[in-house]
Amino acid sequence: MCRLLAYRGEPVFLSELICIPPHSLVRQSVSAARGKTGTNGDGFGLSWYGERIEPALFREARPAWSDENLQALCHQVRSRLFFAHVRSSTGTPTNRANCHPFSHGKWLFMHNGQIGGYAQIRRTIEAMIPDDLYGSRMGSSDSEAIFLAALANGLEKDPVRAVVRTLRAIHGTMIDAGIAEPFRFTATLTDGETVFGFRWASDTKPPTLYYRRTLADVVVASEPVDDCKEGWHEIPPNSSFKVLSDGRLSVDLLKDLVVKLAA
């Protein structure tokens with residue numbers, strides 16, 4: 001599966017987390033220590049907030065380890081909030097449109113995981129995206145479909161509830177179709193101020209997710225990017241979290257979702 005990283009805090013150069021550390025995201029694209037797949041070479045993407053409300057977005061289908069433009073951008077760009085992602089495809093084509101993060105207006109979203117049996121229920125899931133949002137569908141991945149469906153479910157008003165509502169609907173579709181494969185969802189999203197995240201799976205085996213907090217700076221990543229083991233904390237399974245602009249981080253159990261799926 002994929003590897004992701006989100007940062008919220010004082011402005012830093014993107015290279016300080018994406019390129020330089022001993023276990024940086026670029027290094028994880030070659031060899032991830034805690035992922036289901038060791039290599040994540042099916043494209044990459046990064047997005048950052050600057051002077052405008054909408055984020056900048058750079059995505060490429062080449063592997064992160066071989067793209068000199070990625071290194072150059074990260075060396076020059078400084079931001080208070082940015083997302084980065086290296087992709088390991090779960091079945092959809094390797095192209096730029098399927099690379100994360102995905103954006104819509106001021107919102108960003110990226111995902112590590114997959115909808116089990118996605119090819120079997122893709123048309124049903126895409127029907128959850130209303131016409132006014134479907135025009136924003138640029139790729140064919142399950143991740144982008146989840147994001148657009150969550151926007152339709154009220155993401156702008158209540159992000160956590162919108163995502164939970166979307167996960168319920170998709171998992172219900174899987175059950176109706178008799179799909180036994182799991183639905184795994186570790187993801188982050190932001191409106192440019194607050195960072196929201198989730199670590200959940202229908203089989204209680206969600207992809208890994210950790211955070212490190214230093215004063216007002218918070219890093220969230222699929223795996224630690226450095227060797228400071230004491231500073232990293234695992235996000236519990238079946239949880240959502242929120243990072244505020246002052247660095248406060250709160251974690252909440254997704255009780256309603258767990259109960260719903262257990263039933």
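Visitor: Is Cys2 buried or exposed?
Guide: In this predicted model, Cys2 is buried, its relative accessible area being 5%.

Visitor: And where is the closest cysteine sulfur to that of Cys2?
Guide: The closest one belongs to Cys99, and the two sulfurs lie 9.2 Å apart, which is too far for a bond.

Visitor: Is Cys19 buried or exposed?
Guide: Cys19 is buried, with a relative accessible area of 14%.

Visitor: How many disulfides does the structure hold, then?
Guide: The structure holds zero disulfides.

Visitor: Changing topic to strand S2. How many of its residues are buried?
Guide: Strand S2 covers residues 44–48, and five of its five residues are buried.

Visitor: Which way do those residues point?
Guide: Phe44, Leu46 and Trp48 point one way from S2, while Gly45 and Ser47 point the other way. Residues on both sides are buried.

Visitor: Why do they alternate like that?
Guide: In a regular strand, side chains alternate between the two faces of the sheet.

Visitor: Which strand pairs with S2 in the antiparallel sense?
Guide: One partner is S3, residues 56–60, joined to S2 over five bridges in the antiparallel sense. Within that pairing, Gly45 has Arg59 as its bridge partner, and Trp48 stands opposite Ala56. Strand S4, residues 78–86, also pairs with S2 in the antiparallel sense, over five bridges. There, Leu46 has Ala84 as its bridge partner.

Visitor: What is the order of strands in the sheet?
Guide: The sheet is open and has seven strands, in the order S3-S2-S4-S1-S10-S9-S11, with antiparallel pairing.

Visitor: Which strands stand at the edges?
Guide: S3 and S11 (232–234) do. Each has a single partner strand, so one side of each is left without a neighbour in the sheet.

Visitor: What does the twist average from one strand to the next?
Guide: The average is 15 degrees from one strand to the next.

Visitor: Last one: which helix packs on the sheet, and which strands does it touch?
Guide: Helix H3, residues 68–76, packs on the sheet and touches S1 (3–13), S2, S3 and S4. The direction of H3 makes about 20 degrees with that of S2.

Key:
Residues numbered from 1 in each chain as written. Predicted model: local features only at pLDDT ≥ 70, side-chain atom pairs only at ≥ 80, totals over all residues. Heavy atoms only, no water. Disulfide = S-S within 2.5 Å. Buried < 20%, exposed > 50% of the residue type's maximum accessible area, 1.4 Å probe, protein only. Helix = DSSP H or I, 4+ residues; strand = E, 2+ residues; numbered from the N terminus. Pairing = 2+ DSSP bridges. Axes fitted to C-alpha atoms, helices over the stretch in contact; angles between N-to-C directions. Contact = heavy atoms within 4.5 Å.
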